[in-house]
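Colleague: I'm new to reading structures. Could you walk me through this one, question by question?

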Amino acid sequence: QADAERAESHLEVFTRDSCFVEVAANVGSSEEAQLAADSGADAVGLLRSEFLFLGRDSAPGEEEQRREYQASVDALGAKPVVIRTLDIGADKQLPYLQLPPSPNPALGVRGMRLWQVEPELLDSQLRALLGVRPLRYLRVMVPMISDASELEWVRKRMEALAAEMHLTELPLLGAMIEVPSAALCAASMANVADFLSIGTNDLTQYGLAMDREDPLLASQADVLHPGVLRLIQATLNGAAGRCPVAVCGAAAGDDLVGPLLVAMGVNELSVEPSRVAAVKARIRRLDTSVIAREIDTLLAMPDAASVRQALAPLVESAL
Ligand code: PEP
Ligand code: MG
């Protein structure tokens, strides 16, 4: 079965009821981008650019960055590569940034918020990204966005830097949906964004106010909590007809949650490269209508355990 899955992993996938789903890969370096290409992924749905900035004494130069971003885009050939701008803060700190200690790092200056504090660091990353060719395969994604005006601000920055570089073409620009306010404001977000991508790891953390690193909370910090699912639904409803919505958190590659996300209307699942073939094979067997008609019932349940219990047989019957 694994051989058959691998043989078909480079083909695009439709569910049994003809919904097109993109299966992309999450990667943490340009070498992994090659793994993503080999896996048959339709795109890189998330390149975490932190790898370039961590474990060193000073920030990488613009040219060093550009080469890494270019290598990832080259690895995927004519497929899209979503590169996320630096998501530092919370659990990941850079020794060469002299930031004052944060009383609560997960709620402090992280992701997009770092732009206000270290503008040259983020501008130089954006210039390196704008140096990639051809720009049409590159997509720039911004983490920890709270509302549309933040993304609008990044778009203006990108346009200003592109003008300085005499560019006439810009890459697509998207926002991660990881903060509950962004999920609830998805309609206005989608007016500014070319695409949205739900980071279910952080959306679960912030939606439930449960630290994703806390082992005592690991079993309760469940993406299937009806409150988190409602944030995902709000994102899809808000974006509907305005821009596509991906999921790039760990939930996307989960055997139980992935089919639910597709039935809710997610356009792309971005998963670990090693999961691409299996996820594509599962989507091909899926009849989303079986799950779709139960979504309101699932979202009305009192807790994650109830959803989990009801979803397991539902997904089985949809395959
Ligand atoms: C997420 O929050 O779901 C996500 C994909 O980003 P990270 O895991 O890098 O925070
Ligand atoms: Mg995140």
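Colleague: Which element gives the largest share of the shell around ligand 1?

Modeller: A quick word first: this is a predicted model, where local features need pLDDT of at least 70, side-chain atom pairs count only at pLDDT 80 or more, and totals for chains, interfaces and linings use all residues. Residues are numbered from 1 along each chain as its sequence is written, while chains are lettered from A and ligands numbered from 1 in the order in which they are written. A residue is near the ligand if its C-beta atom, placed from the backbone, lies within 6 Å of it, and helices (H or I, at least four residues) and strands (E, at least two) are DSSP runs, numbered from the N terminus. The largest share, three residues, comes from H9.

Colleague: Around ligand 1, how many residues of the shell are charged?

Modeller: The residues there are Leu46, Arg48, Asp87, Glu178, Gly199, Thr200, Asn201, Asp202, Cys248 and Gly249. Two or more of them come from each of strand E3 (44–48) and helix H9 (200–208). For the classes, Ala, Val, Leu, Ile, Met, Phe, Trp, Tyr, Cys and Pro count as nonpolar, Asp, Glu, Lys and Arg as charged, and the others, Gly among them, as polar. That makes two nonpolar, four polar and, for the class you asked about, four charged residues.

Colleague: Which residues of strand E9 point the other way from Glu268 and Ser270?

Modeller: In a regular strand the side chains alternate between the two faces of the sheet. All the residues of E9 (268–271) are buried (20 or more other C-beta atoms within 10 Å of a residue's own, with C-beta atoms placed from the backbone). Glu268 and Ser270 point one way, and the other way point Leu269 and Val271.

Colleague: What is the bridge partner of Val23 in E9?

Modeller: Two strands pair if DSSP finds at least two bridges between them. Strand E2 (residues 20–27) runs parallel to E9, with four bridges joining them. In E9, Val23 has as its partner Leu269.

Colleague: Where is the cis peptide bond, and what is its omega?

Modeller: Most residues other than glycine have a negative phi, and most peptide bonds are trans. Pro134 sits in the loop between helix H5 (119–130) and strand E5 (138–142). The cis bond joins Arg133 and Pro134, with an omega of about -15°.

Colleague: Is Met144 buried or exposed?

Modeller: Met144 lies in the loop between E5 and helix H6 (148–164). Its phi is positive, about 60°, although it is not a glycine. With 23 other C-beta atoms within 10 Å, Met144 is buried.

Colleague: And Ser18, buried or exposed?

Modeller: Ser18 is in the loop between strand E1 (13–14) and E2. Ser18 has a positive phi too, about 70°, and is not a glycine. A residue counts as exposed with 12 or fewer such neighbours, and partly exposed in between. Ser18 has 7 other C-beta atoms within 10 Å, so Ser18 is exposed.
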